[in-house]
Amino acid sequence: MAAEDTLLRSIGCEQNLLSLPDGSANVTQGDTTVLAAVYGPGEVKMSEEIIDKATLKVIFKPKVGLPGCAEKLQERLLRNTCESVVLATLHPRAGINIILQVIQDSGSLLSCCINAACMALMDSAVPMKCLVSAVTCALTEDGQIVLDPDSKQEKVGNRRSSKVHFCFTVELDFMFSHVVYTPNPDSKQEKVGNRRSSKVHFCFTVELDFMFSHVVYTPKLDKQM
């Protein structure tokens, strides 16, 4: 592993940028930039009201266009992460909204979003159990591990590297890992006929209790279903 592969890109953070939200933060990791805003605790729709805790919503907005399936999955991971650390029971029947706007995606986007959400929650003074921090690792074709990869390091030739997102509390308690793997189209072991390999995403709580798994499977095109 080269020495430069173990170094994180420059990290910057600026809080209280926006006047309307209760808290906001702009986080940069290299050229990747995410702007986060937190509204609440405040009123919530009666249909979304929870009696014993606050309703937490996360809205993930890509740089351009409307959010698709990939953005909805990231939204779910971000919501699960925030729900693990926010003390929602202190604000029953209230709502906390977290909006994440991607300004520039140059790699390690999910970890940058988690860090931005944490900084915005701090700025809004929403009570939390602990602070969280996330980092992305990439596994290249030759088996090298790259920390905090940029978009060029995430993509090798025509195949994207395998990526693993790790999230920890300040006390270094493991929260969850999120694996993204795209098979090599030239590999016989990873591609049989027109069928791609399956992808599985795992998520865990702070106490390492299993929360959910998300499986993506593309069947063979000429298979009789």
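Guide: Let me begin with the way directions are compared: an axis is a line fitted to C-alpha atoms, for a helix over the stretch in contact, and an angle between N-to-C directions runs from 0 to 180 degrees. Contact itself means heavy atoms within 4.5 Å, and the elements are DSSP runs numbered from the N terminus, helices being H or I with at least four residues and strands being E with at least two. On these terms α1 lies across β4 and β5, and its direction is at about 145° to that of β4. Helix α2, residues 109-124, also packs on the sheet, where it touches β1, β2 (23-29), β3, β4 and β5, and its direction makes about 150° with that of β2.

Visitor: What kind of model is this, and how are its residues numbered?

Guide: The model is predicted, and local features need a pLDDT of at least 70, side-chain atom pairs count only at pLDDT 80 or more, and totals for chains, interfaces and linings use all residues. Residues are numbered from 1 along each chain as its sequence is written, and side-chain values use heavy atoms, with hydrogens and water left out.

Visitor: Which strands form the open sheet, and in what order?

Guide: Two strands count as paired if DSSP finds at least two bridges between them. By that rule five strands form an open sheet in the order β1-β2-β3-β5-β4, with mixed pairing. β1 and β4 each have a single partner strand, so they stand at the edges and one side of each is left without a neighbour in the sheet. From one strand to the next the twist averages 15°.

Visitor: How do you know that β4 and β5 pair?

Guide: β4 and β5 share seven bridges, in the parallel sense, and the rule asks for at least two, so the two strands count as paired. Within this pairing, I59 stands opposite I99 in β5.

Visitor: Why is the contact of R9 with D148 called a salt bridge?

Guide: The term requires a side-chain nitrogen of Lys or Arg within 4 Å of a carboxyl oxygen of Asp or Glu. The closest N and O atoms of R9 and D148 are 3.1 Å apart, and the pair therefore qualifies. It links distant parts of the chain, with R9 in the segment before β1 (11-15) and D148 in the loop between β7 (145-147) and α3 (151-154), 139 residues apart. Both R9 and D148 are buried, a word for under 20% relative accessible area, while exposed means over 50% and partly exposed lies in between (1.4 Å probe, protein chains only).

Visitor: How many salt bridges does the structure hold?

Guide: There are four, and among them is the pair of E48 and K57, whose closest N and O atoms are 3.7 Å apart. E49 and R93 form another, at 3.6 Å, and this pair joins the loop between β3 (32-42) and β4 (55-61) to the loop between α1 (69-85) and β5 (95-104), 44 residues apart.

Visitor: Why are E48 and K57 called partly exposed?

Guide: E48 has a relative accessibility of 29% and K57 a relative accessible area of 35%, and these values fall in the middle class, so partly exposed is the term. E49, at 34%, is partly exposed as well, and so is R93, at 47%.

Visitor: What makes the phi of R93 worth a remark?

Guide: Most residues other than glycine have a negative phi, and most peptide bonds are trans. The phi of R93 is near 60°, a positive value in a residue other than glycine. N16 likewise has a positive phi, near 55°; it lies in the loop between β1 and β2 and counts as exposed, because its relative accessibility is 56%. As for peptide bonds, the one from G40 to P41 is cis, with omega near 5°, and P41 is in strand β3.

Visitor: Why does L7 count as exposed?

Guide: The relative accessibility of L7 is 57%, so this residue is placed in the exposed class. L7 belongs to the segment before β1, and its C-alpha atom is separated by 9.6 Å from that of P149, which is 142 residues apart along the chain.
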